[in-house]
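Here is a short report for a first look. Please keep the sequence and the 3D view open while reading.

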Amino acid sequence: PVSPNWRVRHRPKKFMVAEEPQIDVKSALESPEVPPKSADGGNQEEFEQYWAANNAPLRLEGGWLERKAHPQLKIERYWFNEKSGQTVFVRPDAAEVDGPAVVPEFEDLRGEGPAWSMSIMDLKKALANEEEKKLGLSYRELARRAVFTYEEFVPRVLSWHDYQHLTFWFFGGMDRPGKVKSQGGKGGFSNTGNEDLFAPAEFFREAATLIRERIGRMHPICLTYFVWTFVRAGVVEQKMLAAVGDHCCRGIVPMMDRCSLGTMLWNYGKLKVSHEQFFEVSAVELSRPNRVRSLAPRNFQNVSLAYNWRKHFDEKMYISLLQGMRLNMDGHRPVGPKCDKNHLFPYYCKDGSEVLADSFRISSLEVILRALRQTSISGPEMEACIASMVSYTCRSIVESPQMMRDPGDVAKFAIEVLLTMSEMPEMRPALSLLFGPGRDRLDLPKLLRESARDKSLCGKLENAIRSAGVEVDRGDKAGGREGGR
C-alpha cells in the first residue's frame with residue numbers, strides 16, 4: 001500500500017488508479033534488474049539497434065510487439081500488447097511469430113514545384129520575408145514538404161542543433177527587416193511564443209491534417225518538435241493532438257528521449273489540451289528509476305509544469321521526480337552552468353556535436369517549486385526535496401557565475417518556500433529549519449535588506465513571511481552569504 005506519510009491535499013481526477021508500493025530511486029538503481037547508467041546517452045551501435053528494432057518490431061503470440069527503449073535508457077527491451085495496450089519490461093511468456101509486425105504503407109508525399117526545388121534555407125527566408133505568393137509557394141505543398149522532411153529524418157535526440165536545418169517554418173535567430181530578432185532562436189525551446197517567428201496558421205492547418213492522416217509514419221522525436229512549433233505559433237489543432245496522444249499511448253513513450261518526452265507533455269499543458277491517457281502512460285514511464293535517472297533539469301521543469309497545468313496527479317511519479325531532482329542537485333558540485341558528463345550524460349547530435357545538459361538555476365527551482373505547490377504536494381519526500389533546493393541555492397550564491405543568476409532570484413525562491421509553508425502547514429516544522437543565518441539556510445533579514453530597492457519584490461517577501469508565520473529578527477546585521485542579485 002501507499003505510505004501514509006505521502007499526502008496530497010487535492011487529488012485531480014486520474015485516468016487510472018492503481019496503488020503502488022513506496023519506492024526508493026537511489027536503491028532501485030543499484031538493482032541488477034536496472035540497466036547500467038548510460039555514459040554517453042547512446043553510442044552509434046545502440047542507435048542502429050534502436051532504429052532497426054523499432055522500424056520492424058518482432059511479433060509475439062497474443063498481440064505482443066517487442067521494441068527497444070531510447071539509447072539514453074540503454075536500449076532496454078520492452079513489450080507492448082496491441083490488444084490490451086499494456087507495456088511491460090519483462091518478456092511475456094509467448095512465442096515469436098514469423099515475420100516482423102506489419103508496417104502500414106503511406107502515400108509518397110514528394111511533389112514538384114518551388115516548394116520542392118528550393119532548399120530548406122531558401123524556404124525559410126521566403127516565409128520569413130512573406131514572399132510565398134511572389135515565389136508561387138502554396139501552403140499545401142509547403143506542409144507536404146515539411147511533413148516529408150520530418151518523416152525522412154532519423155533522429156537521435158530532440159535538439160535544436162539538428163532541427164534548425166529542417167524546420168523552414170520557424171525563423172528564430174534570423175535577421176529580418178522590420179522584425180524583432182528572436183532571443184530564443186539559438187536555444188529554440190523558449191517557454192514563450194511569437195507568431196511572427198512562424199509560418200501562417202494556414203500552413204499549420206494543412207500540416208495538421210497530414211500528420212493526423214499519417215500518424216505512425218513520423219518518428220516520435222520528430223513529432224514532438226513539430227508539435228512544439230504549433231505551440232509556439234499559437235495554433236491549436238484538437239484532432240491532430242488527439243491523434244498524437246493516442247499514438248504515444250501505443251507503446252511509443254519509452255522510445256522517446258528525455259527531452260522529447262518532457263517537451264511533448266509541456267506541449268499539451270501549454271496549449272491547455274487534455275489527454276489523460278497520455279499523461280498517465282507518461283507518468284508510469286517517468287516513475288521508472290532508469291528513466292528518472294536520465295532526466296536533465298529542464299526535463300524536470302517541463303514535466304512539473306505540464307502536470308500542474310493539466311491538474312493531473314500520479315503519486316508514484318511525483319515520488320520519483322522529487323527523488324530524482326535531489327540526486328541531480330546534491331550531486332552537482334560545484335554549481336556551474338552545465339552538468340558534468342560524469343554526473344549526467346550529455347547528448348550527441350547527428351553531426352557529432354556534444355551538448356552538455358544545462359544545470360538547475362535558482363530561477364528554475366522557483367518555477368518548479370511553484371508548480372509543486374500549486375499541485376499541493378506535501379510530505380517527507382517534498383520536505384527533503386525543498387531542503388535540497390535550499391542547499392543548492394546557497395551553494396549557487398557562492399559558486400555560480402553571474403550568467404546563471406537573475407535579479408532577486410533568491411528572494412523569489414524564498415517566497416515560494418514561504419508560500420508552501422503557509423498553504424501546507426503540516427510541513428511548517430520541517431521547512432522553518434531552512435531559514436536563518438548559517439550554512440544551507442535562507443537568511444531572511446539579509447534578503448529583506450537586499451530587496452529593499454525593489455518595492456514590489458520586498459512587499460511580496462514581507463507578505464510571504466507574515467503568511468508563513470516566520471519570525472524575523474529585524475535587528476540582525478550578520479553577514480552571511482549574498483542574497484538575490
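## Terms and confidence

Contact means heavy atoms within 4.5 Å. The model is predicted. The protein has a mean pLDDT of 89. A pLDDT of 70 or more is reached by 89% of its residues.

Two stretches call for caution. Residues 183-188 have a pLDDT below 50. This stretch has eight contacts in the model beyond near neighbours in sequence. The pLDDT is also below 50 over residues 476-485. Here the model has 36 contacts beyond near neighbours in sequence. Where pLDDT is low, the predicted coordinates should not be read in detail.

## Glu76 in a loop

Glu76 lies in the loop between strand E3 (64-68) and strand E4 (77-81). Is Glu76 buried or exposed? Glu76 counts as buried because its relative accessible area is 12%, under the 20% cut-off.

Which residues does Glu76 touch, leaving aside neighbours within four places in sequence? They are Pro35, Arg67, Lys68, Ala69, Phe89, Arg288 and Asn290.

## Thr229 in a helix

Thr229 belongs to helix H9, which covers residues 220-233. Thr229 is buried, and its relative accessible area is 0%. Apart from neighbours within four places in sequence, Thr229 has contacts with Thr167, Trp169, Phe198 and Phe204. Phe198 is 31 residues away from Thr229 along the chain, yet their C-alpha atoms are 7.8 Å apart.

The side chain of Thr229 has two listed partners. A polar contact of 3.1 Å links the side chain of Thr229 to that of Trp169. The Thr229 side chain also reaches the backbone oxygen of Phe226, at 2.5 Å.

Key:
Residues are numbered from 1 along each chain as its sequence is written. This is a predicted model: local features need pLDDT of at least 70, side-chain atom pairs count only at pLDDT 80 or more; totals for chains, interfaces and linings use all residues. Side-chain values use heavy atoms; hydrogens and water are left out. pLDDT is the predictor's confidence in each residue, from 0 to 100. Helices (H or I, at least four residues) and strands (E, at least two) are DSSP runs, numbered from the N terminus. Buried means under 20% relative accessible area, exposed over 50%, partly exposed in between (1.4 Å probe, protein chains only). A polar contact is a pair of N or O atoms within 3.5 Å; within protein, one must be able to donate a hydrogen and the other to accept it, and residues adjacent in sequence count only if both atoms are side-chain atoms.
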